[in-house]
Amino acid sequence: MDVERITEELYGLKPGDFVAARDGYVAQARAAKDPAAAKAIAALRRPATAAWAANRLARERPREAERFLALGETLREAHRTLDAERLRAASREQHQLVAALARTAAELAGEAGQPVSDTVVREIEQTLHGVLAHGDVADRWAKGRLVKVPEAAVGFPAIDPDADPPPPPPPARAAPRPAPNPDLAKARAAAAEATAEVARCEREFDSAERSRQAAAAKAEEAAGRVTRLETDLAEARRNRTEAEGSASRAATALTTAERALARSRRAEDRATRTAEALEGQAS
């Protein structure tokens, strides 16, 4: 089976239609004796609504998507090179584009029969910020295959697009070690805990998905057995009906034969007595 074509098709569907369509293709792959394709398709995850809407934007508006991806490359390069001037220019365009594209994505979702709430629109904006900040997220979005809303982008420093350029840095000298920030430590601990919780939930989800697939396979196998048994039962019932008919006809024939035998025996007795009487008279 063409897994790439199926993947492209599935991520173009509305989230509510994804699972049934995916499972249908998994069943087809198993029926075609293609376990590799079945495993690859079963591993595909249903996209969150915001991720799906962002994917639809990339699919339906390729020109805007190309411009947005180019902006992300510019922002990431400017951040790597600490080019504040380029960051300010790109940041100005970023704020304008993210809001506009999020609205467009919401409109496209509504046209597809999946209207979204204001909360989802904010998640679309967060997704688009993630596309700008992270190359791997940008690659998945460009293919229209994002599955979840990325973490809030923190890779770019907050830059006021209208601020004056910063003054030249003073001569380098040893700076005093900053005091530990307890709030930062708490935030990092909370982030680590949240990441661990996400990983745990994903493991539980994967385990539940594997259990569901195994149960579905057993149910499919049991349904096949039931169908075969029902066919055998129907055939056995037909055979029983035919046998009962044959037995009924044989019983009728037996009764007829018994009556004929009785008549022939009575005729034989009469003929024997007549012959004996005639013999007696002759002697």
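Analyst: Contact means heavy atoms within 4.5 Å. Helices are DSSP runs of H or I with at least four residues, and strands are runs of E with at least two, numbered from the N terminus. This is a predicted model, in which local features need pLDDT of at least 70, side-chain atom pairs count only at pLDDT 80 or more, and totals for chains, interfaces and linings use all residues. Residues are numbered from 1 along each chain as its sequence is written, and side-chain values use heavy atoms, with hydrogens and water left out.

User: Which residues of H4 and H6 meet?

Analyst: On the H4 side they are Trp52, Ala53, Arg56, Leu57 and Glu60, and on the H6 side Leu101, Thr104, Ala105, Leu108 and Ala109.

User: Why are H4 and H6 called roughly perpendicular?

Analyst: Helix H4 (residues 49-60) and helix H6 (residues 84-111) pack at about 95°, with axes 8 Å apart. Axes are lines fitted to C-alpha atoms, for helices over the stretch in contact, and angles run from 0 to 180 degrees between N-to-C directions. Under 35 degrees counts as roughly parallel, over 145 as roughly antiparallel, 65 to 115 as roughly perpendicular, and the rest as oblique. H4 and H6 are therefore roughly perpendicular.

User: What angle do H1 and H2 make?

Analyst: Helix H1 (residues 3-10) and helix H2 (residues 15-31) pack at about 165°, their axes 10 Å apart. That makes H1 roughly antiparallel to H2.

User: What makes Glu8 and Arg59 a salt bridge?

Analyst: The term needs a side-chain nitrogen of Lys or Arg within 4 Å of a carboxyl oxygen of Asp or Glu. For Glu8 and Arg59 the closest N and O atoms are 3.0 Å apart, and the pair qualifies. Glu8 lies in helix H1 and Arg59 in helix H4, so the bridge ties together parts 51 residues apart in sequence.

User: How far apart are the closest N and O atoms of Arg145 and Glu8?

Analyst: They are 3.1 Å apart, and Arg145 forms a salt bridge with Glu8. Arg145 lies in the loop between helix H8 (135-142) and helix H9 (182-282), so this pair ties together parts 137 residues apart in sequence. Glu4, Glu8, Arg59 and Arg145 are linked in a network of salt bridges.

User: Is Arg145 buried or exposed?

Analyst: Buried means under 20% relative accessible area, exposed over 50%, and partly exposed in between (1.4 Å probe, protein chains only). Arg145 has 16%, so Arg145 is buried. Glu8, at 35%, is partly exposed, and Arg59, at 27%, also counts as partly exposed.
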